[in-house]
Amino acid sequence: MTNRFLDTAFVDKAIKFAVDAHANTERRGKGFPYVIHVLEAMEIVATLTNDPELLAAAALHDTVEDTDVTVEQIRAEFGDRVAAIVHTESDEIDPSIPECETWRARKQAAIDRLRNASHDAKIVAMGDKLSNMRAIARDYDVKGDELWKIFHAPGGKADHEWHYRGLAKSLCELSGTPAYEEFTAAIDHVFTSPAMEDVDLADYEVSGDGFTAISYNHKDGEKMMKLYADFIPVNVPAKELRIANAVYDMGLPTPRGLRLVTDGKRIGVEFERVTGKRSYSRLLSQEPEHFEEHMRSFARMCKQLHSTECNTKVFKPVEARFMKATSTCSRLNDEQRRIVTDFIASIPSTTTCIHGDMHMGNLLLAGGKNYWIDLADFAYGNPLFDIGMLRFVCIGPNEEIAQNTFHISCAQMRQAWDIFVDEYFGPEASKMEDILNKMACLYIIYYADMIKFFPWEQEWLDRYMFNKQ
C-alpha cells in the first residue's frame, strides 16, 4: 500500500541541517555518530505531536550547545518559534572553565529554565532527556557505577540522580504520556526508587484498617503512617506520597506527606497526623442518630471537590486510567472492549478535581474540618467517575466486607447511597441511575485482574454495560 502524501520539506530541512552541523561528531562514549541521538529525540517527540516545527526543533536541539551554530542562524533558517525552543534547550558553556566546575550550576539553570518553559519546549526536551536516559539505563546495566566516570559531574551518580529527578519534576505536565512514564521508570531503574526509612512498629499504635492498608498513629502524637498490604505494588506508596503533596500544594484539605517508610516487610507513607479524626465511615457507624446529617455533609464535600479546578500540568485525566484498564482486562472480549471504550469516550471531559477512590472512609472530620486522604488515584475529569466508585462500594459488599471496611451494614451502605444522590443531584437524582450503574461497571473492569470483589459483578456488566437481559 502506498503511503499517503505528507509535506515533510520543513522537517527534512531541519534533519539535513542537523546532520551537517553534527558531522564527524561521536556521541560521547558510544562509538556511533552524534546524529543518532538527534533522530531518536525526534522519534520520541513524534509520539507526542506531529507539529513540524516541534519535530524540527527536536532535530536541532543540540546544534547551538554542541556546534558552532548560533541561535540567530536557527532563527534565520527556521523561524522564531523553533529558535526559541532550541535556545531553551541549550546550556551556556564557558570553554575557559572546566566543565566539572560549572556542571551543577548549569544543570540547575537548565532545570529552572525548563520548569518555566512553554509546553512546546517541554515536549522537545522530553525527546532529548528520554533519549539520554535510555542510553544511561542501557550502559548502567552493563557497566554499573563505573559508568559515571565518563561524565563531568563532580558528584558522580548522586549528581546525576539529582539532575534527572529535577528534570522529571520540571516535565511533570507531560505526566501520563508514554514518554514521561518511560522516563521516570528509567530514572527509578538506574537510581532506585526514592529511599525508604525503617520504622519500629513499637513506636506506633494501630488506628484503623482497610482492605489494602493498615494505619498507625505515632506515639509522639504528631505523625501517622499507612502501611500497604503486601499484594499492593511497591510503586503505589511512592506515587501516593508524590500526589498527596501535589494536592496539598493546590491548597486542598489533606494531611502533608512526610516520607516513605517500611517495617521490613511492608511499604507505606508517613503523614502529618490529624488529631481527633474520624472517617465518615466511623461517624456513620458511631453516631447513627446523625447518619443522614453526616452523609449529606460528605456529599457536599464531594461537590466542593468536584467544583475545584485541578492542576492539569501535574495530574492525569481520569479517563486514561480506565482506558488502560479496559485495554488490558482479560475478562473482556474484543467487542466488549469496544463497547466500554466507546462509553468512556462518551463521558464529557472536564478539568475539575477527581479523588479517584471516593468513599466515606477516605474523608476525615477533625476539629470541625474535613481532610481528604488516600489520594494515590487523584486526577482530573468528570465527577461521574468518582460517583461511580461510590456506587460500586455502596451496592457491592457482602456483610463481612461492609462491616470490616466501612463499619456499617449492607443495608446502611445502600441507605448512605440514597442520601448521597439526593444531596448531590437533588431532583435530578432519579434520572442518574442508569449512567451511575454504568460508571460502577468501570470499577468492576478496573479491579477485575487484581482482586475479585463481589459475586454480582458479571451480572452487572451484562445488564448495564452490555445491555443483556
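Two strands are said to pair if DSSP finds at least two bridges between them, where strands (E, at least two residues) and helices (H or I, at least four residues) are DSSP runs numbered from the N terminus. The views below show a predicted model, in which local features need pLDDT of at least 70 and side-chain atom pairs count only at pLDDT 80 or more, while totals for chains, interfaces and linings use all residues. Residues are numbered from 1 along each chain as its sequence is written, and side-chain values use heavy atoms, with hydrogens and water left out.

**View 1. The hairpin of β2 and β3.** Strands β2 and β3 form a hairpin with three residues between them. β2 pairs with β3 (residues 213–218) in the antiparallel sense over five bridges, and within this pairing glycine 208 has serine 215 of β3 as its bridge partner.

**View 2. The open sheet of six strands.** The six strands of this open sheet follow the order β1-β5-β6-β4-β3-β2, and their pairing is mixed. Because β1 (197–198) and β2 (204–209) stand at the edges with a single partner strand each, one side of each is left without a neighbour in the sheet. Elsewhere in the sheet, strand β4 (residues 223–228) and strand β6 (residues 267–272) pair in the antiparallel sense over five bridges, and lysine 226 has valine 269 in β6 as its bridge partner.

**View 3. The largest nonpolar core.** A nonpolar core is a set of buried Ala, Val, Leu, Ile, Met, Phe, Trp, Tyr and Cys residues joined through side-chain atoms within 4.5 Å, and buried means under 20% relative accessible area (1.4 Å probe, protein chains only). The largest such core has 80 residues, and those with the most contacts inside it are Phe298, Met360, Phe378 and Phe420. Helix α19 (residues 433–447) gives the most to this core, with 10 residues.

**View 4. The surroundings of methionine 360.** Contact here means heavy atoms within 4.5 Å. When residues up to four places away in sequence are not counted, methionine 360 touches Ser279, Tyr280, Ser281, Leu284, Met295, Phe298, Leu390, Cys394, Met413 and Ala416.

**View 5. The second core.** A second, separate core has 52 residues, including Val38, Ala83, Leu114 and Leu147.

**View 6. The chain as the setting of these views.** The chain has 20 helices and 11 strands, and its C-alpha atoms fill a box of roughly 80 × 60 × 35 Å, taken along the principal axes. Of the 469 residues in the chain, 50% are buried.
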